[in-house]
Amino acid sequence: MQTERKRTVCTGCHCRCGAVVYTQDNEIVRIEGDADSPYSHGAFCGSGITERFVHSDDERLTVPLKRVGERGEGKWEEISWDEALEMLAGKVRDVIDRYSARSIVVAQGTSRTSNDWGQRLKATIGNLGWGMAPLHVCLIPNIMPHVLTLGAGQMHGADVAHAKTIVLWGVSAINLLPEYKEILRQKDEAGAKVIVIDPRFNDLANNADLYLRPRPGTDGALFLGLMNIIIKEQLYDKEFIDSWTYGFDELAEMVLEWTPEKTSETTWIPAELIEEAARTMAGEKPTTIYPMLGPSCMHTNAIQSGRALTCLTALLGPVDVPGGFMYTPGGGPASSPELTLIPPDWNFNAPEANLLDGDKYPAFAAFGNANVPYSTFDAVLTEQPWPIKMMVFVANDALNCYEASPKVFEALASPNLEFIAVKDFYLTPTAKMADLVLPSSSWSERDTIDEEMFKGLIISNPRAVDPPGQCWDDWKFYLEWGRRLNPELWPWADEKEMVLWRVKLLHGIELTWDEYAEGAYFETDACKVGAEFKKYESGKLRPDGQPGFMTPSGRIEFFSHVTESLGYEPLPVYHEPLESPVSTPEVAKDYPFVLTTGFRLYSFFHSAWTNVPGQRELYPYPFVLINTKDAAEKGIFEGDWVEISSPRAAIKAKAQVSEEIGAGVIALPRPGWRQACKQLNLPGYNWDEVGINTLLPGGPGTTDKSFSTAPMRSTLCQIKRLENSDV
Ligand SMILES: Nc1nc2c(c(=O)[nH]1)N[C@H]1C(S)=C(S)[C@@H](COP(=O)(O)OP(=O)(O)OC[C@H]3O[C@@H](n4cnc5c(=O)[nH]c(N)nc54)[C@H](O)[C@@H]3O)O[C@H]1N2
Ligand SMILES: Nc1nc2c(c(=O)[nH]1)N[C@H]1C(S)=C(S)[C@@H](COP(=O)(O)OP(=O)(O)OC[C@H]3O[C@@H](n4cnc5c(=O)[nH]c(N)nc54)[C@H](O)[C@@H]3O)O[C@H]1N2
Ligand code: SF4
Ligand SMILES: [Mo]
């Protein structure tokens, strides 16, 4: 049997590692990293190799399924794609006839390779934007404050290779696979200092020069405390601040009260460590701060913590210089109104944008461009402010994704919601509640593109194997569904034509399919990031060609009127998390531990791959991190089943006792849920017995006030050993 070698890209996570797949007779026999990838240089991980199993797994969904029993009962009939698409298109027409387009919500999970096409499909139905997605917690609370303060979002904009200090702030090693070698080289060869700031002593902390452990949800105060020291000790570049920033005096006055002592009391970090961190960041420059979800994205003070982070970045000064914050022309991943059908001047805050609770959360409407997730499930149940009759989830396991999962379940079970479709690889908890389940192809099985997420590089994604059964890629699904709704908007014959049209539209590059597939990596204009520095001096950052930044004042805005117009203070004021030992001491009496949920594991991507033996073996059971001292006080031993409860619900997990987490804090990884794993003879665990999101609050009064960010990483909980500890 002949072995074929095929190059493509793994889209298993956002790292987008170049892949080489060896195949025999449509089976994958081996996968390795592509050493020729100018981005990942041959790096590859166990999760990517999971593809071998997923491609040939006989439990995978391979045919569209129509519900025949009661919702959730698990009785299905196999149907053809034609029938499935007719059901979908027919239901869209029916809901629009009886209600309106806004009563249909098409949701997606994290960024996949079909974002733009998903938006085009939604526009075809009559809804502009993202529909529904976890944008209120997933990185936008990082990107939006960057836009407000510095005039551009930071999307992988850290220039590690030239930095003298690298601050890894609430980030997982998982996301640094392509860059981590570079960070270590910079540390070992160029003497760069690495600072890790995370409540968990994670694997990055192991190689750090300095490790700071904040109380979850208090990073906003830490930023202010660091700025207090830098300003007091005049460790900033006065000329840069005078020439290029706005509102420095107001900021300086505001941070006065954030002395090392007060910051220490709030964050639980010793004052000396805060001082050492400030002096290192300001003394060993350029300093690049690499933030991910930790500091700002999943707290009720999300946007203001993000603003404080960007003000610190600006105060440290290395903006648009080697080793600092880099501006991406165009602000990030390429897209265009011709593709998404969203007019450039579309106002997502206007009532005609029809976003659920867009008026209550104007920052989310403006920067998330989507329905507020909690409000969507609430609208299903109350039919207010308008009814939701149809929901379609493409790569989104809602029951394991959004906060307050019992509410999500109630909505999915409600007869008010007339039709649910889910497109996925397996029967997830959300798919089990569907009326129609659609099978999907994975990265080695599709002819698409990675959407230029990463430093502007186009990485072609031609298939290495054919998908099993009738699995369809999401691009093909949107094309065929869209075509049935409005053929003029979906003129392409197949995904290959869509790819080539897209590359020409966005980058002016004209290719045949073979040229695209074989060319593998194509540089676009956005790759030239950093080729030119201090663009704010030459006028290259602003559309009007004037020197300055892309903010209303043309300067970096410590004081931001736009932020104020979205419902926040114009300065990055610190607010305690809404549920915390400080803000709700009465709740803390019964729930004394601070809870952070959802840190990533190497083997699972959100709730996916818990059934894959090679991955499940690493984390067979849902588990929870507890500090040694707390465990001793609670009589909890390694491996005990424990109950973790919040004022809302209780779940169980196995205790992992160590110093990885500090005293007083409990950390639950993502996901709790487990699909059964036949090969290892390991059982499944349901979302309602182990799902971390059951513990979390949702809705008005429990989130970031204008962005609706749920406190996935800062609430309160209690923990106790379960009597029958071998359950
Ligand atoms: N408590 C807590 N909750 C969280 C988080 C947390 O840290 N803590 N993190 C939040 C964040 S940042 C995010 S982004 C969300 C993500 O949560 P989800 O949206 O649920 O996760 P995804 O991985 O985006 O999508 C899940 C489903 O997509 C399927 N899938 C994977 N690839 C494809 C594909 O190409 N096509 C199709 N059709 N299906 C596919 C997987 O099998 C999986 O069932 O969770 C959020 N929820
Ligand atoms: N294998 C795998 N890779 C993934 C994913 C996955 O599910 N699995 N998900 C993908 C997605 S959608 C996203 S958004 C990214 C997320 O990427 P990251 O943000 O890099 O990863 P996380 O582990 O979610 O969170 C980073 C760190 O934040 C810490 N943290 C928790 N609370 C706080 C806090 O209050 N302050 C600070 N400073 N840190 C805190 C956690 O301990 C964790 O180490 O990962 C992506 N990559
Ligand atoms: S899953 Fe692993 S191999 Fe695939 S892109 Fe992510 S880090 Fe790379
Ligand atoms: Mo995410």
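How do the residues of the shell around ligand 3 divide into nonpolar, polar and charged? The legends below include the answer.

This is a predicted model in which local features need pLDDT of at least 70 and side-chain atom pairs count only at pLDDT 80 or more, while totals for chains, interfaces and linings use all residues. Residues are numbered from 1 along each chain as its sequence is written, chains are lettered from A and ligands numbered from 1 in the order written, and side-chain values use heavy atoms, without hydrogens and water.

**View 1. Shell of ligand 3.** Seven nonpolar, three polar and one charged residue form the shell (Gly counts as polar, Cys as nonpolar and Arg as charged). Among the surrounding residues are Cys10, Cys13, Cys15, Arg16, Cys17 and Cys45, where a shell residue has a heavy atom within 4 Å of the molecule. Ligand 3 takes the space of the second largest pocket.

**View 2. Shell of ligand 1.** The shell holds 30 residues, with Thr110, Arg112, Cys401, Asp424 and Asn693 the closest. By class, 12 are nonpolar, nine polar and nine charged. Domain 2 (65-135 + 335-449) and domain 4 (585-721) each give at least three shell residues; the bounds come from an automatic or database assignment.

View 3. Contacts are pairs of N or O atoms within 3.5 Å. A backbone N or O atom of Cys401 is 2.7 Å from a ligand nitrogen, and one of Asp397 is 3.0 Å from a ligand oxygen. In the side chain of Ser440, an N or O atom lies 3.0 Å from a nitrogen of ligand 1.

Key:
Polar contact = N/O pair within 3.5 Å; in protein donor to acceptor, adjacent residues only side chain to side chain. 1 Å grid on protein atoms, 1.4 Å probe; cavity = no way out; pocket = protein on both sides within 12 Å on 5 of 7 lines; lining within 4 Å. Sits in = over half its atoms within 2 Å of the grid points.
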